[in-house]
Amino acid sequence: MKIERVSLLNFRQYYDEHRVIFAQHDQENVTVIHGVNGAGKTSFFLALNWCLYGEGIDNIGQITSKEAVSRAKVGDKVSTKVSITFIHEGERYMAARQLTGQKRNDGSLDEARNSNEFLLMRASTSGVATRIDNPIGVMNTILPSNVRTYFFFDGEKIDNFARPESAREVQEAIYRVLSLETLTRAKTHLSKAARDLRGQLKGIVSEELKDLISQDSDLRQQEEDLLERQVELRNNIATAQRHIEDVNQQLRDFEAVEALQGQYDLFTREIQERQQEFEELKTRIRDSASQGYIPLSRNAVQLALQMLDEKRERGEIPSNIRQQFIQDLLERHRCICGRPFADADEAHEHLVSLLSSSVPSSLEDNVLTTSGQLRALIDRGPQFESDLSTAIQDKVRLEQTIERLWAQRDDIQREMKGSEQIEVSQLARRRDQYQADKDEYNAELVRADITLEDIRIRIKELERQIQQARKTEIRQLHLSHKVELAQDAADILDKVYTTFAEHKRREVEQETQNIFHSLAWKGEHFQDVCLTENYQLEVIDRYGLPARPELSAGERQILSLSFITAMARAAQREAPLIMDTPFGRLSSAHREAITRNLPDLAPQLVLFVTDEELRDQALENLKPRIGAEYRLNFDPRTSCTTIEELNQ
């Protein structure tokens, strides 16, 4: 979606009609609209939202121009209209929303609710416009209303995504922009359909089958409850971790324990690294253990090789004479020397005897291949035992190292809790409590996983029993197939969703990291940007420590902007990036970094700015990319705004 033109008629302080043409060229894709505070930048920004998505999206007060109302006579109709022409996937559209009211005796405007009309038209290549019958539905396929705030946004509020408590907002943004909620809704609807069909099935089946279906329904309900509880637990773990990080940051600010907290952080990082190494080692040992048959089968393998070698020594394998050759002689009744023979004579009997002692060529090939594989197994035995022994020794060493690190960190924690400074002691105890909460949540999460696995095994067994019990009535069989189809589809969608969501989370994480490094003026200080499994945006500094609590307001804004543009890229959704007051809280260094790179991050960029926001080097950076530039001029005598196009 790229906006070509916007027309305003009597919208708030924009009296009469005003037209603005937006920049669309790939290189000159930036439109800048300047205006002092109160000149009408936000009104213009709201006009775009109102036109495409309707009244009520924000509390914006009276829409119709007060100047237009004041000039109208009592009983006259006054219209407010905003129209937007845009191109989407090669086709041109015109969206228009109009609100008409009638002037009352007291000078106010009576705006009939049903006069709020939304029109969407599609223009053909010949220029003929066709009205679209389902304008809201089509508009939502182009840029859904529930994701518009991630493309049309207020720069003053953009840093919300980078706040500690915003994990749920981040997750919701990813769900909406990447259309993950579509998969979730589909899975929910299919699961509900399966439940409803099972309910119908109960009324027409035998008591035995009814009982099995009831057990199946109960288990599936338990499964859903556990999955919901797991989501809750993961959120609780993320919250506890944020509290721990906040306490760590507060302890770093106390000079008396700054060194101790530094050691605590160091041990924490090392514990995490060793635990990661430990998990990888356990995986390696599991993979090695899966080949445990090698030493166990040594005697059997050696016996098999001995038997094969004996057959080779006796000349049985490989055979001196091929089976097919003897069969050909018997069929032709002619000896290899050319002399014919008859059935049951001496030559015939001799050939039959040779045929019975020979073996098929395919068997010979298999025997030779098997011999090679068996010898390879014997050769691998000593190496397998050596590798497994080394891995187990490494595991013991790592366990001891991790245990020692925990003990050292616990010593530091006890020292902090015993501090004479009350605040330090209280913080250390509070951290203990948060850590205990986190451990309990993690333990419950593991127990839930075990219970879920058991429930799913029982569900599989019940499905088998139910399938066996459904053998008679046609209607029952028909409904059973529907239940199976709906549930299978829901299960498959669940797997697709899990895989797709994780893939997109990682993709958004990588894109956010790349964009953040290009926009942040001190990008070298930040080593990494993470989007955790709990959808928490986190920044890691060059020391490997979480740095989000230390981010300035401007850096939080940049992090959120990086996240939003990363989502747009991951969604492969072409939409303009429209920002109201984007640089108000940014320092000059941040403004310069953003203006150098932001035009490359969106197909079309529209900026509503004050002169103070965009000046000096930041303005110079944008100039080569500006394709359209306007100034909003507010007249205090009429309280109206006019739009002036600036010469390039």
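The structure is a predicted model, in which local features need pLDDT of at least 70, side-chain atom pairs count only at pLDDT 80 or more, and totals for chains, interfaces and linings use all residues. Residues are numbered from 1 along each chain as its sequence is written, and side-chain values use heavy atoms, with hydrogens and water left out. Helices (H or I, at least four residues) and strands (E, at least two) are DSSP runs, numbered from the N terminus.

- An α-helix has 3.6 residues a turn, so residues three or four places apart point the same way.

**Salt bridges**

- A salt bridge is a side-chain nitrogen of Lys or Arg within 4 Å of a carboxyl oxygen of Asp or Glu, and by this rule the count comes to 25.
- Glu444 and Arg229 form one of these salt bridges, and their closest N and O atoms are 2.8 Å apart.
- Because Glu444 lies in helix α13 (residues 422–469) and Arg229 in helix α6 (residues 207–252), the pair ties together parts that are 215 residues apart in sequence.
- Glu444 is partly exposed at 25% relative accessibility, and Arg229 is partly exposed at 25%.
- Between Asp110 and Arg104, a salt bridge has its closest N and O atoms 3.3 Å apart.
- Asp110 is partly exposed at 37% relative accessibility, and Arg104 is partly exposed at 35%.
- Asp216, Arg220, Lys460 and Glu463 are joined in a network of salt bridges.

**Glu4 and Arg92**

- Arg92 forms a salt bridge with Glu4, in which the closest N and O atoms are 2.6 Å apart.
- This pair links distant parts of the chain, with Arg92 in strand β5 and Glu4 in strand β1 (residues 2–11), 88 residues apart.
- Glu4 is buried, with a relative accessible area of 11%, whereas Arg92 is partly exposed at 38%.
- Leaving aside residues up to four places away in sequence, Glu4 touches (heavy atoms within 4.5 Å) Val20, Ile21, Phe22, Gln24, Thr85, Phe86, Ile87 and Arg92.

**Nonpolar cores**

- A nonpolar core is a set of buried Ala, Val, Leu, Ile, Met, Phe, Trp, Tyr and Cys residues joined through side-chain atoms within 4.5 Å.
- The largest such core has 84 residues, of which Phe44, Phe86 and Leu577 touch the most other members.
- Helix α15 (residues 553–571) supplies the largest share of this core, 9 residues.
- Beyond residues up to four places away in sequence, the contacts of Leu577 include Tyr150, Phe151, Phe153, Leu561 and Ile564.
- Another core, of 15 residues, lies apart from the largest one, and among its members are Leu260, Ile271, Leu405 and Tyr434.

Notes: Buried < 20%, exposed > 50% of the residue type's maximum accessible area, 1.4 Å probe, protein only.
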